[in-house]
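Please open the model in a viewer and keep the selection panel at hand.

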Amino acid sequence: MQTSSRGTWNSKLGFVLAAAGSAVGLGNIWAFPNQVASNGGAAFLLVYLLCCFVVGYPLMVAELSIGRKTCKNPVGAFRALGGGAFTIIGFWGLTCGVMILSFYNVVAGWTLGFVFEEIAHFAGSEGAVALLSDLGNGPKNALFSIVFMAATVGIVVGGVSGGIERATKTMMPMLVGIMLLMIGYVVFQPGAGEGLSIYLYPDFAKIDANLVFSAMGQAFFSLSLGMGALITYGSYLDRSQNIPQAAAFVTLSDIAIAFLAGFLIMPAMFVAQNQGIAIMDGSGNLLSSTGLVFNVLPTLFHTLGGLVGFLLGLLFFVLLSIAALTSTISLLEVPASYLIDEHGMGRKKAAVTLGAAVGLLSVAISFDTNWVGRLASIFNNIGLPLGGLMICLFLGYYWKTHNALEEMEDGYPEVKGGPFGRIWPVFMKVVCPILIGIVLVTSAWPVISSMLGN
């Protein structure tokens with residue numbers, strides 16, 4: 001089966017960067033350091049690393065195998081392998097992706113808005129600073145979300161190799177370069193040592209069931225699993241590619257960037273505290289990710305002042321914008337591939353139509369940003385684990401792991417006789433479904449309790 005009519009990656013590096021870009025997003029730079037700081041520092045980091053390989057990596061291999069086997073979008077892939085009844089798994093992934101994109105695009109717009117906020121502060125325009133830093137300003141939020149969606153559509157219109165691969169080959173090195181540059185400055189500032197100590201020295205006493213579940217949920221979300229993005233990206237893979245190896249590269253890339261993000265944000269938080277900026281609330285708990293990224297850190301950059309403060313602030317929010325864009329293009333590509341494959345729509349029309357529809361949802365959310373948290377609770381915390389669980393059960397007990405291993409033989413001929421071929425089926429049939437099921441229950445219960453008013 002050929003992928004040329006739909007597009008294909010030009011190189012293994014192009015695929016790895018695109019898939020890593022899909023996985024790497026605001027969750028790695030925004031949410032991950034906050035989770036680490038709130039859950040025992042390096043203890044959480046170690047559990048997170050373990051979860052990425054115990055749960056995330058096997059499921060990523062599964063999604064890529066399904067995608068390459070069928071050369072279709074998630075809905076078409078499950079129809080091809082299991083018949084019409086199983087398309088619900090693909091449709092669920094599409095729904096999660098579209099709804100996540102609708103609010104994620106608003107948050108991405110915030111990051112872009114703060115790029116201009118830093119410029120306005122450096123220029124001394126306090127009126128513009130007040131406007132651009134107001135996360136509750138509906139018209140401003142709507143404008144930046146539209147701009148961000150337009151950029152996303154523009155890349156997806158360019159196609160797999162000419163749009164997504166070309167963009168991520170530029171953006172991913174930029175992202176890592178900016179992060180390393182900022183780390184090189186921040187870690188030598190007064191107060192940074194305390195943040196590094198918390199980050200690098202584990203407090204094993206804090207490891208409990210809640211920490212493990214939090215780490216597992218973070219790993220699941222940060223690797224972009226359960227919503228069909230990697231099935232879609234896998235459908236563009238050349239048959240000569242080694243799927244387990246490619247998945248390992250993507251997982252390692254995601255972990256590396258999350259680790260670097262912690263190396264930047266954790267010291268920066270305590271540099272801010274050293275400058276007299278509060279990073280804890282009245283109860284002694286660390287501020288939320290939103291408060292840290294869009295309040296504490298801008299205040300730090302402004303306090304540093306001068307050209308250094310301006311450049312650090314500008315680079316930081318450019319970094320966040322790049323991370324967000326690498327994710328929004330994959331979130332839009334999934335439903336775009338559905339319209340292209342299943343309804344014969346041209347790529348440009350599919351991307352523009354979806355961009356306009358999701359953009360309207362983003363505009364609505366822009367005027368009531370409480371929906372960001374609500375939708376994240378439903379589709380991030382419940383939707384993605386549910387999608388991942390369905391994929392595990394489908395592959396393990398319907399399509400069967402031996403068929404997936406046969407698909408992997410193209411690019412990895414000795415897969416069945418090696419350790420991977422013996423261990424991976426056990427994870428897909430037993431380990432991953434149990435662990436993902438636990439994550440799903442622990443994530444869903446607080447949401448359900450809140451809805452019931454308990």
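Select helix H3 first: 23 of its 29 residues are buried, so the helix is mostly covered, where buried means under 20% relative accessible area, exposed over 50% and partly exposed in between, with a 1.4 Å probe and protein chains only. The model is a predicted one, in which local features need pLDDT of at least 70 and side-chain atom pairs count only at pLDDT 80 or more, while totals for chains, interfaces and linings use all residues. Residues are numbered from 1 along each chain as its sequence is written, and side-chain values use heavy atoms, with hydrogens and water left out. Helices (H or I, at least four residues) and strands (E, at least two) are DSSP runs, numbered from the N terminus.

**Along H3**

After the helix comes Cys71, with a positive phi near 55°.

Move to Glu407 in helix H17. Glu407 is buried, because its relative accessible area is 5%. Its side chain is joined to that of Arg239 by a polar contact of 2.7 Å (a pair of N or O atoms within 3.5 Å; within protein, one must be able to donate a hydrogen and the other to accept it, and residues adjacent in sequence count only if both atoms are side-chain atoms). Beyond four places in sequence, Glu407 touches Ser65, Arg68, Lys69 and Arg239, contact meaning heavy atoms within 4.5 Å.

Then select Asp410, in the loop between helix H17 (401-408) and helix H18 (419-452). Its relative accessible area is 34%, so Asp410 is partly exposed. Setting aside neighbours within four places in sequence, Asp410 is in contact with Arg68, Arg239 and Gln241.

**The nonpolar core**

Finally, select Phe15, Met179, Phe316 and Trp424, which touch the most other members of the largest nonpolar core, a set of 156 residues. Such a core consists of buried Ala, Val, Leu, Ile, Met, Phe, Trp, Tyr and Cys residues joined through side-chain atoms within 4.5 Å. Helix H12 (residues 243-274) supplies its largest share, 17 residues.
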